[in-house]
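I opened the notebook to record what I looked up in this structure, one topic to an entry. The sequence and the model come first, and my notes follow.

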Amino acid sequence: MPRDLLLAPLPLVVLGIAAAVLAWDVALAGWIAARREAPRLFTHLTAFCGLLVVPTVVIGVATGTEAGARTISGITWLLPLVAVVFALQVLFALGARLVSLLVGVPLLLYDLLLAAISIGDYLTVQRGVAPEALQAAVAARDSIVGITVGRAALVSPLTALVPILAPAFPARWRLSGVARAVLVLAATALTTLLVIEWPRGVAAIRSYEAASTEPMQARPAGDFLVGVRLLPVLGGAPPARAIRADLPLVDAFAPDVVLVLLDDEGTRAAALDSLARVLEPLRSDSLRLSVGLRLGNGARATALSPRLQALERVLRTLKPDVVFPALADPLPAWFAAPPPPAAWWRTLLILSATKVQALRPRTALGWSAARLDAVDSSVYRWAVGPNSPVELVGAMIYPSFSGLPAVDARLRALDRWHAGARAADAAARPHWLVNVGGLPHAHGDAAQTAAIRRALAWGSRRSWIGAAIVGEPADYTGWIGLRAANGRRRGAIESIGLAARRMREARIPR
């Protein structure tokens, strides 16, 4: 059973535990600061931690999105600093014999590991690379949180562990003694899990080396297109800042395809008119515009009537070459709704085909698998069948906790699906890799480039793959963008952009 299919209350449990540890740290810091018999340096260290632990957590969450990172990019150094001071506080308590070894040693080991993770987080955000040991610690942390929230832990800034202060002096009440015991046990368990997962984190990071220089195969006929996703998921008119930041991707990739995703509010008439004006300079005889309607959360996301009305407005205003009536996120969110069943997809695609044929028959109707699970397999078999109105099928390819092997597993699944369709004499349909990307925060910038290279190289070697679209454009909602939340351009832009331009140059002029 995939980890991101676990019950929705589990993310709330994780956040509840983090909030409880935060409350413990703040309350304990206030109590120790009021004790006159405590050593002065110890009091200062504890007060520093208690004062800054909550703001530090807020800063850590804000660094995961572009909107937040713009505000606090100058103070992200506080995260590793506060984590190191937490470890020093516990170390001082042990050295001064303010806390027993049974309590202090587990907390010290836990806080030291969190300090290493925090330094790795900071270096990855600022530079795109951290020493292998620290990057593996970040990957180990993501894997542990992923036990409860699935692959969302790989990209969400909510994936954080909170350091724990050492409780100096004996417990005054039985309840506080129980709380200390619970925290020590939790710290011991998490430290053990981090140590166990660390070698797997190293293996995940090293796995990308196999694809770091993998070339794409030239397709002189020009039947393999390389595209790029532009702009955040639009819930209104395109933001001016995003336009200025994302349009340089067009110069870097010289794309054959541009993909834009829209939310409910982004399909309003005024928003579509604004988007059409932004895209107009990009439209040409050779560049194809693909538009997808995001499959969000909540009951409205699966309501057919509003989605079909939005599709009609998109077809009339944007006149896309390819339209996806629903596109799921490439990686699930913390509080993602259960995926819709196969029957919902079939109904949506049949009704969408009627709209497309009535309003703009030139537009190709597309569907893309995101999870590549049993539901996606069922929809794929139907979509390539003789009675299906779907004209283009695809898949989203991203790594997981294991690194590059997860990319290979998803590509093999698509290979199997296609082979099964051919064996069943299914109608030939264009196949696209609709969104390919990597995990630059969890595994490093080089890992993101390698994951994209593997997917594009795989697609270029298969004649039935007609296009691959590179995304996400930036860390708009999580750590998977070509541009970091603080504005730093990741290495995949230059590396993959150069490879894409060379693919175009290798084509035979018509």
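How many bridges join strand 1 to strand 8? I found that 4 bridges join strand 1 (residues 225-229) to strand 8, and that the two run parallel.

**Ground rules.** I noted that this is a predicted model, in which local features need pLDDT of at least 70 and side-chain atom pairs count only at pLDDT 80 or more, while totals for chains, interfaces and linings use all residues. Residues are numbered from 1 along each chain as its sequence is written, and side-chain values use heavy atoms, with hydrogens and water left out. Helices (H or I, at least four residues) and strands (E, at least two) are DSSP runs, numbered from the N terminus.

**Helix 11.** I checked the length of helix 11 (residues 304-317): at 1.5 Å a residue its 14 residues should span 20 Å, and its end C-alpha atoms are 20 Å apart, which agrees. The expected span is 1.5 Å times one less than the number of residues. Arg307, Leu308, Ala310, Leu311, Val314 and Leu315 of helix 11 are buried. They cover an arc of only 160° around the axis, which puts them on the same side of helix 11; the arc is that of the directions from the helix axis to the C-beta atoms. Among the elements that cover these buried residues I listed strand 3 (288-294), strand 4 (322-327) and helix 12 (342-359), taking contact to mean heavy atoms within 4.5 Å.

**Tryptophans.** Tryptophan 344 and tryptophan 345 form an edge-to-face aromatic pair, with 5.1 Å centre to centre and 80° between the planes. Here rings of Phe, Tyr and Trp (its six-membered ring) pair if their centres lie within 6.5 Å, and planes under 30 degrees apart count as stacked, over 60 as edge-to-face and the rest as tilted. Tryptophan 345 also forms an edge-to-face pair with tryptophan 367, at 6.4 Å centre to centre and 80° between the planes. Tryptophan 345 lies in helix 12 and tryptophan 367 in strand 5 (residues 364-369), so the pair ties together parts that are 22 residues apart in sequence. I recorded Trp344, Trp345 and Trp367 as one aromatic cluster.

Which residues are joined by a cis peptide bond with omega about -5°? They are glycine 471 and glutamate 472, and glutamate 472 is found in the loop between strand 8 and helix 17 (491-505). Arginine 97, although not a glycine, has a positive phi of about 60°, and at 76% relative accessibility it counts as exposed.

Notes: Buried means under 20% relative accessible area, exposed over 50%, partly exposed in between (1.4 Å probe, protein chains only). Two strands pair if DSSP finds at least two bridges between them.
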